[in-house]
Amino acid sequence: MTLQILVYIFVIGAGLGLAVPYGRFMARVFGGERNLLTPVIRPVERWVYKVCGIDENTEMTLKTYILTLLVFELLGAILVFAVMMLQGVLPLNPQEHPALRWDRALNLAVSFVTNSNYQPYVGERELTYMSYMLGVLVQDIISPSVGLAVIVTMARCFSRGSSPTIGNFWVDLIRGMLYIWVPLTLLLVFPLISQGVIQNMNAYVVAHPLEGGEQLIPGGPAGIITAFKLLAEDGNAWSGVSAAHPFETPTGLSLYLHMGYILFVPAAITFMVGWLTKNRKITVALFSTMLLLFALSMPLPFLGEFGGNPLLQQLGVQGGVSMEGKEVRFTLFEHVVFLVTAMAPANGSTLAQLSSVMPLSILQVIFNLGIGAPIFGCIGTGSLTMIHYFIVSMFLAGLMTGRTPELIGKKLDLREVVLACTSFLMSSFTALGFSAIALSTPAGLAAMSNTGPRGLTEVVYVFISTSINNGSFMAGLDVTQPFYNLATILPMLGGRFSTLIVGLLIGGSIARKGKIPISAASLPVASPLFIIFVIFVIIILSGLSFFPVLTLGPILEQLMMQAGITF
Amino acid sequence: MKTILKAVKITVILLLLVSAYQVASTYFVTAVAQITMPDKANGSLLYVDGQLVGSELIGQSFTSPGYFHGRPSAKDYEGHESAGSNLGPTSAKLMEQVSQRVEQVRRENGLAADAPVPADLVLASASGLDPHISVKSAMLQVPRVANTRGLPEAVVRSLVNGHIEPPQFGILGAEKVNVLKLNLALDKLTRGN
């Protein structure tokens, strides 16, 4: 295990290390400067502007930017919905999958567009190749680009002096797709396939197992979907069990590639923000807060999984190792670090099945999601959420020390602070509100297969996960039912748009202000004191809203398990 | 209103372009993969005498005593329905299942009534398709398989030893045995006799 710890640290270090130059590259792309890919991609970019009728030199006002974004997201959702409803008659359907039920199709449309990629279905059993391409993959490139556009806009608003406009949505969006996602995914998909991740468009083949009968071996473009799932934090898996499927993580190397890919772009974004705002301190603050929280997420899952399950030990299972919902080709250590690596940044791909992991592991995961997943986080929204926390912390710290709250050279007023609070209170509100509805209606309760504390945890989990657009769920809860398909729609919309629109509103409000010179009265954002202060603000403002649920869920479960009680 | 109409127009064109790109790129990646690494891209399929017997990466259900058994699967190794059991660590149902499986493993392999059983052999996998078992789980089954097939234990044991897959590059992943490949080798050995 010592060796694997070193390898893990090396892989994460490489992912984060490469993020430094990549963040510089991203800043050049979004700043419209000449970069490495300009000779190849700039002509394509110009052609796209021409075909679409976009004038890249005009900027939009806040209102136009938001309206345009909403129109774009709405039509995008309609496209996904239409494809899912029509997949039965569209081509590329060798398995003759029928159309999805309307509530499922509607749920997926919202899920993909909001970058939640909540997938209450078994992909390989229900989606056609056409749906994978026009439903899954189209939003796989679009939704992270929208998140990227918003964080770029916010950085731009902080960096400039007073301005009536905030940028051009189309330009931000198209640059993200062309310069970031297209090259990254095309380059990094092949190492995955070389490990055995499938990439074909064949009909499923019938194998003849040694003991007779038949076994369907599925096909599909899993390679490219997995590349997007990891790099663009879509979490949108080809299969129903995500990274646990041997066709998604066939080998040890493929798993470490997964972990390196997952952290790469979200970390690069923190560097990009620094370059775009010409303020390295904000990068230091964002990056170190995230890294610290990431490291702090490790101990509990380790304790939980390595502690074993006394109930299993009693039954004669060697060491009481909780192998339920885990795979033999990976060590327990790898299961734990993958859980933290994929769930801290809200990627949402899972290796160990969440419904079967130990109580302490799920406790940590729920905490990380409940605070809005600002630990590297989804593309754009992770850094946005962290900046929202910075704004509130700056304000609180300013009150305590009697200094003017300011961030990246702009003064913060009540408006920004209220907006930032709205963003994360909104997701706590939808998460807990909808959990309460589900727990008090027969339809909500009927879907539970695990009872006791785990049953409660599973219901709350699905609403937390959708509220912050993570999209993973604990499959012990039968979320395929219409109740959950419909009840998770509002949390997904609320979570996504409260973060993005609030981000833009703060941007618009910041854009109107002039730069203020840094003086002795400004609080240093990159100091250890401030970073620790931010962590406390996160725990107090968001973490504590989930404390009652954590007590009745994972904490109670841990105690029951130790006491030998089953449900 | 003008803003919205303009946005609608651009969105429609852009969605068409993105759709076209994703279709084209999926086919492009598929084509490159099919040319350069067709075996991997098609699911690492295993053929015996021209007949498709399964995939190296997808487990199969084995229940007869003459074969090495794989892990329990929530969906009984349905190839196109990956799923775990999703039973929690305090689930009474899980404990009941495990207790039955532990008894069964002990009975089938002639173990003592209180002998500990390797976790992977009695707990279901995450994918429901796990193609591997631990070395311990394989070794535990050697006497049974050898007896049933009328082979010397040492021969079967050395076959298992030959099928131990070390971690990739010596460090990544776990040490394991591929059940389908082991059973294929076993069949070949028996037929050879």
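Guide: Happy to! Let's start with residue classes: Ala, Val, Leu, Ile, Met, Phe, Trp, Tyr, Cys and Pro count as nonpolar, Asp, Glu, Lys and Arg as charged, and the others, including Gly, as polar. What you see is a predicted model, in which local features need pLDDT of at least 70 and side-chain atom pairs pLDDT 80 or more, while totals for chains, interfaces and linings use all residues. Residues are numbered from 1 along each chain as written, chains are lettered from A and ligands numbered from 1 in written order, and side-chain values use heavy atoms, leaving out hydrogens and water.

Next come the spaces themselves. On a 1 Å grid over the protein atoms alone, a cavity is a set of points where a 1.4 Å probe fits but cannot get out, whereas a pocket is an open set with protein on both sides within 12 Å along at least five of seven lines; lining residues have an atom within 4 Å of a point. Points join across faces, edges and corners, and a volume is the space filled by probe spheres set on them.

Begin with the largest pocket, which has a volume of about 610 Å³. Its lining counts 36 residues, and those closest to the centre are A:Val122, A:Gly240, A:Phe473, A:Ala475 and B:Asn86. Sorted by class, this lining holds 12 nonpolar, 19 polar and five charged residues.

Now turn to the second largest pocket, with a volume of about 480 Å³. Its lining has 21 nonpolar residues, two polar ones and no charged ones. Of the 23 lining residues, A:Leu18, A:Leu184, A:Leu188, A:Tyr261 and A:Phe264 lie nearest the centre. In chain A, α1 (2-30), α7 (169-194) and α9 (252-276) each supply at least two residues of this lining, and α1(A) gives the most, with eight. (Helices, H or I of at least four residues, and strands, E of at least two, are DSSP runs numbered from the N terminus.)

At least two lining residues come from each of α15 (381-401), α16 (414-439) and α20 (489-511) of chain A. The class count here is six nonpolar, 10 polar and one charged.

The second largest cavity has a volume of about 40 Å³. From chain A, its lining includes A:Asn309, A:Leu312, A:Ser322, A:Glu324 and A:Ser356; from chain B, it includes B:Leu87, B:Gly88, B:Pro89, B:Leu94 and B:Leu123. By class, five of these lining residues are nonpolar, four polar and one charged.

A:Asn469 has a positive phi of about 60° although it is not a glycine. You will find A:Asn469 in the loop between α18 (452-467) and α19 (482-487) of chain A. A:Asn469 is buried, its relative accessible area being 6%. (Buried means under 20% relative accessible area, exposed over 50% and partly exposed in between, with a 1.4 Å probe and protein chains only.) B:Tyr77, also not a glycine, has a positive phi of about 60°. The loop between β2 (51-55) and α3 (92-108) of chain B holds B:Tyr77, and at 8% relative accessibility B:Tyr77 counts as buried.
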